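The sequence and the model are shown first.

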Amino acid sequence: MRALPRIGCACTRCALPVSGPAVCGACLKHPPPFSATVAALAYAFPVDRLLQRIKYEGRLALAEWAGTALALAVDGALALRSPDDRPDRIVALPLSAARQRERGFNQAREIAVRVSRASAIALDAPLERMGEGLPQAALPWVQRRVNVKDAFAVRGEVTGARIALVDDVMTTGATLAEASRALLRAGAVCVECWVVARTLPP
Ligand SMILES: [Zn+2]
């Protein structure tokens, strides 16, 4: 996996590249609701193609690769922390019921299952996605937060939980931030994001 695009030195909060301190200026100024982000790779060729093949072509065998890449990155990140600073459950970012039916699978769940197995952290599914709005990929970055506002409901018990939210790609982080807010409002102690790839700003 050496040839795949990596981020290098990254902000612990949002996983964007930083040159100096561990948390970037943007996160210090406007802290996101999630407490950390682990991103295995940069969303660039060929990682973008591989992840698109899972999502749009249903190439689920590639989810094994994606899950392994993420599990390795998570393992490295958790090794740097104290043992009590560790999520106690993994939650895949859900699709809406309509999109799940249309696609037949949720790529985030396919990846999360593998990370759960590798990390021995239980998988849970307390989140429900109400509507999808427009696909985030179709929108300019500035509209993405509005598009996902109140998109999630919490149906399970998350009081006191330390949650790792898993998705394939973090682009602006708007969807993961909205899901994090919903979980925190429902009583989760903290939420962090684990993603296979992070889109770097243009
Ligand atoms: Zn940051």
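## Overall build

The chain holds seven helices and seven strands, and the model that shows them is a predicted one. Followed along the sequence, these elements come in the pattern α-β-α-α-β-α-α-β-β-α-β-β-α-β. The radius of gyration of the chain is 16 Å, close to the 17 Å that the globule rule gives for 202 residues, so the chain is as compact as a globular protein of that length. Along the principal axes, the C-alpha atoms fill a box of roughly 45 × 35 × 35 Å.

Of the 202 residues in the chain, 50% are buried. Among contacts with a separation of 6 or more, 74% are made by residues 24 or more positions apart.

## Surface and charge

The accessible surface of the chain amounts to about 10000 Å², and carbon and sulfur atoms account for 56% of that area. The side chains include 26 positive and 18 negative ones, and the centres of these two sets are 4 Å apart.

## Helix α3 and its cover

Helix α3, which spans residues 61-79, has 19 residues and reaches 28 Å from its first C-alpha to its last, close to the 27 Å expected at 1.5 Å a residue. The buried residues of α3 are Leu 62, Ala 63, Trp 65, Ala 66, Gly 67, Ala 69, Leu 70, Ala 71, Val 74 and Leu 78. An α-helix has 3.6 residues a turn, so residues three or four places apart point the same way. The cover over the buried residues of α3 includes the helices α2 and α5, together with the strands β1, β6 and β7 (190-198).

Ala 73 also lies in α3, but this residue is partly exposed, with a relative accessible area of 21%. Once residues up to four places away in sequence are set aside, Ala 73 touches Val 38 and Ala 40. Between Ala 73 and Arg 155 there are 82 residues of sequence separation, and their C-alpha atoms are 29 Å apart in space.

## Helix α7

Helix α7 (residues 174-185) consists of 12 residues and reaches 16 Å from its first C-alpha to its last, close to the 16 Å expected at 1.5 Å a residue. Nine of the 12 residues of α7 are buried, so this helix is largely enclosed by the rest of the structure. The buried residues in α7 are Ala 174, Thr 175, Leu 176, Ala 177, Glu 178, Ala 179, Ser 180, Ala 182 and Leu 183. After α7 comes Gly 187, a residue with a positive phi near 115°.

## The end of helix α5

Ser 119 belongs to helix α5 (residues 107-119), and with a relative accessibility of 13% this serine counts as buried. Leaving out its neighbours within four places in sequence, Ser 119 is in contact with Arg 86 and Ile 90. From Ser 119 to Ile 90 the separation is 29 residues in sequence and 9.8 Å in space, C-alpha to C-alpha.

Ala 120 is placed in the loop between α5 and β3 (123-124). Its phi is near 60°, a positive value in a residue other than glycine. Ala 120 is exposed, with a relative accessible area of 69%.

Is Ala 15 buried or exposed? With a relative accessible area of 3%, Ala 15 is buried.

Another backbone feature is the peptide bond from Phe 45 to Pro 46, which is cis, with omega near 0°. Pro 46 is located in the loop between β1 (37-42) and α2 (47-57).

Which residues is Asp 168 in contact with, leaving aside its neighbours within four places in sequence? The contacts of Asp 168 beyond that range are with Leu 51, Lys 55, Gln 107, Ile 111, Val 195, Val 196 and Ala 197.

Key:
Residues are numbered from 1 along each chain as its sequence is written. This is a predicted model: local features need pLDDT of at least 70, side-chain atom pairs count only at pLDDT 80 or more; totals for chains, interfaces and linings use all residues. Side-chain values use heavy atoms; hydrogens and water are left out. Helices (H or I, at least four residues) and strands (E, at least two) are DSSP runs, numbered from the N terminus. The radius of gyration is taken over C-alpha atoms; the globule rule is 2.2 Å times the number of residues to the power 0.38. Buried means under 20% relative accessible area, exposed over 50%, partly exposed in between (1.4 Å probe, protein chains only). Contact means heavy atoms within 4.5 Å. Accessible areas come from the Shrake-Rupley method with a 1.4 Å probe; for residues, only the protein chains shown count as cover. Lys and Arg count as positive and Asp and Glu as negative; His and the chain ends are not counted. The place of a charge is taken as NZ of Lys, CZ of Arg, CG of Asp or CD of Glu. The expected span of a helix is 1.5 Å times one less than its number of residues.
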